[in-house]
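This report goes through one protein structure part by part.

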Amino acid sequence: CCQPDDKLNLIEAEYGIRGTAVIYKLFQKISGEKGSYCEWDDEVGLLFSSKTCGLAGGDKLVSEVISAALKRDLLSTEKYEKYGILTSRGIQERK
């Protein structure tokens, strides 16, 4: 569909600057944890949403942004569905 910058711009268009912030925080987590991916499930998502993003427990922003990033191939749908991890082709190529 689009270049990486366009994909980020679409996230921001859909979710505002908070959506972009979630993506950048996710990329920091992905790069910092295992070097090229991070494990992801509902509990990890809840802690990330609360501790890293400062969102209330019922706020669905993080899960919605992740869904949008997977849909736009900003994050790897294949790796997420197969292994329960978040990563991207770009991150994998740089590591």
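## Helix α1 and the basis of the report

G19 lies in helix α1, which covers residues 4–33. Helices (H or I, at least four residues) and strands (E, at least two) are DSSP runs, numbered from the N terminus. The model is predicted, and local features need pLDDT of at least 70, side-chain atom pairs count only at pLDDT 80 or more, and totals for chains, interfaces and linings use all residues. Residues are numbered from 1 along each chain as its sequence is written, and side-chain values use heavy atoms, with hydrogens and water left out.

G19 counts as buried, because its relative accessibility is 0%. Buried means under 20% relative accessible area, exposed means over 50%, and partly exposed is in between, with a 1.4 Å probe and protein chains only. From C-alpha to C-alpha, G19 and L46 are 16 Å apart in space, and 27 residues separate them in sequence.

## Helix α2

The buried residues of α2 are G45, F48 and S49. They line one face of the helix, because they fall within an arc of 95° when seen down the axis of α2. The arc is that of the directions from the helix axis to the C-beta atoms. E43, L47 and K51 are exposed on the other side of α2.

At the start of α2, the backbone nitrogen of E43 has a side-chain oxygen of D41 within 3.1 Å. A polar contact is a pair of N or O atoms within 3.5 Å; within protein, one must be able to donate a hydrogen and the other to accept it, and residues adjacent in sequence count only if both atoms are side-chain atoms. Just after α2 comes G54, with a positive phi of about 70°.

Buried residues in α3 are L61, V62, V65, I66, A68, A69 and L70. The phi of D73 is near 65°, a positive value in a residue other than glycine. D73 is partly exposed, with a relative accessible area of 39%.

K34 sits in another loop, the one between α1 and β1 (38–39). Its relative accessible area is 45%, so K34 is partly exposed. K34 and K79 are 45 residues apart in sequence, and their C-alpha atoms are 14 Å apart.

## The second largest pocket

The second largest pocket has a volume of about 330 Å³. On a 1 Å grid over the protein atoms alone, a cavity is a set of points where a 1.4 Å probe fits but cannot get out, and a pocket is an open set with protein on both sides within 12 Å along at least five of seven lines; lining residues have an atom within 4 Å of a point. Of the 15 lining residues, W40, D42, G45, L46 and S63 are the closest to the centre of this pocket.

α2 (42–52) and α3 (61–71) each supply at least two residues of the lining. α3 gives the most, with five residues. By type, the lining divides into six nonpolar, five polar and four charged residues. Ala, Val, Leu, Ile, Met, Phe, Trp, Tyr, Cys and Pro count as nonpolar, Asp, Glu, Lys and Arg as charged, and the others, Gly among them, as polar.

## Cysteines

The structure has zero disulfides, a disulfide being a pair of cysteine sulfur atoms within 2.5 Å. For C38, the nearest cysteine sulfur is that of C53, 12 Å away. C38 counts as buried, at 0% relative accessibility, whereas C53 counts as partly exposed, at 23%.

Conventions:
Points joined across faces, edges and corners; volume = space filled by probe spheres on them.
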